[in-house]
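Dear colleague,

Please find the structure below. My notes on it follow.

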Amino acid sequence: MTDDAYLVLFDDPAVSLGVPLAAVEDAAFLDTPAVRAWLEAQGVTVTSPGLRLLPPEETSAVPEGAERLPVPLGDEELIRVRQLNAPYDVARMEEELLAYRSCAEGREALLARAVAAGVPAHRIAELTGEDLTAVKALVH
């Protein structure tokens, strides 16, 4: 788990902090008794317009006196909240970086599978941008 994010109920539904809770309505914390009780006590539902979810780095911007509840987010949930909260261009770039990470994590396995499948080393290097010497080292 990461640092706590906050559910915040704003009086003004036009507030742009965080993301609408409805955008992450499948988050695991919503099924907890504490969150359900808090929502009921506030008289709101997941789709209420003034209800926002703020990532940990934005919680200092919550005005004094605003109704709030700390909620834990898993790593993937936090990534999603941050992407939803970011400007479109930043969110797209973050998606590309995440895709790169998943490819980079399986890099050696992918190269080994290509070698085992009979793809020539020079073609693997050409397609992946990997150094030909590194690819040839996998062959031997």
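**Findings**

Of the 140 residues of the protein, 31% count as buried (buried is under 20% relative accessible area, exposed over 50%, and partly exposed in between, with a 1.4 Å probe and protein chains only). Please note that this is a predicted model, in which local features need pLDDT of at least 70 and side-chain atom pairs count only at pLDDT 80 or more, while totals for chains, interfaces and linings use all residues. Residues are numbered from 1 along each chain as its sequence is written, and side-chain values use heavy atoms, with hydrogens and water left out.

**Fold and dimensions**

The protein contains six helices and four strands, arranged along the sequence as β-β-α-β-β-α-α-α-α-α. Helices (H or I, at least four residues) and strands (E, at least two) are DSSP runs, numbered from the N terminus.

The radius of gyration is 22 Å, whereas a compact globule of 140 residues would have one near 14 Å; the value is taken over C-alpha atoms, and the globule rule is 2.2 Å times the number of residues to the power 0.38. The C-alpha trace spans about 65 × 30 × 20 Å along its principal axes.

Among contacts (heavy atoms within 4.5 Å) with a separation of 6 or more, 72% are between residues 24 or more positions apart.

**Surface and charge**

The accessible surface is about 8,800 Å², and carbon and sulfur atoms hold 55% of that area; the areas come from the Shrake-Rupley method with a 1.4 Å probe.

The protein has 11 positive and 24 negative charges, whose mean positions lie 9 Å apart. Lys and Arg count as positive and Asp and Glu as negative, with His and the chain ends not counted; each charge is placed at NZ of Lys, CZ of Arg, CG of Asp or CD of Glu.

**Salt bridges**

Side chains of opposite charge can pair when their charged atoms come close. Two salt bridges are present, each defined as a side-chain nitrogen of Lys or Arg within 4 Å of a carboxyl oxygen of Asp or Glu.

In one, Asp26 pairs with Arg80, with 2.5 Å between the closest N and O atoms. Asp26 lies in the loop between strand S2 (19-20) and helix H1 (33-42), and Arg80, 54 residues away, lies in helix H2 (residues 75-85). Asp26 is exposed at 58% relative accessible area, while Arg80 is partly exposed at 29%.

In the other, Glu57 meets Arg82 at 2.8 Å, N to O. Here the loop between strand S3 (51-54) and strand S4 (67-72), which holds Glu57, is linked to Arg82 in helix H2, 25 residues apart. Glu57 is partly exposed at 47% relative accessibility, and Arg82 is partly exposed at 34%.

With kind regards
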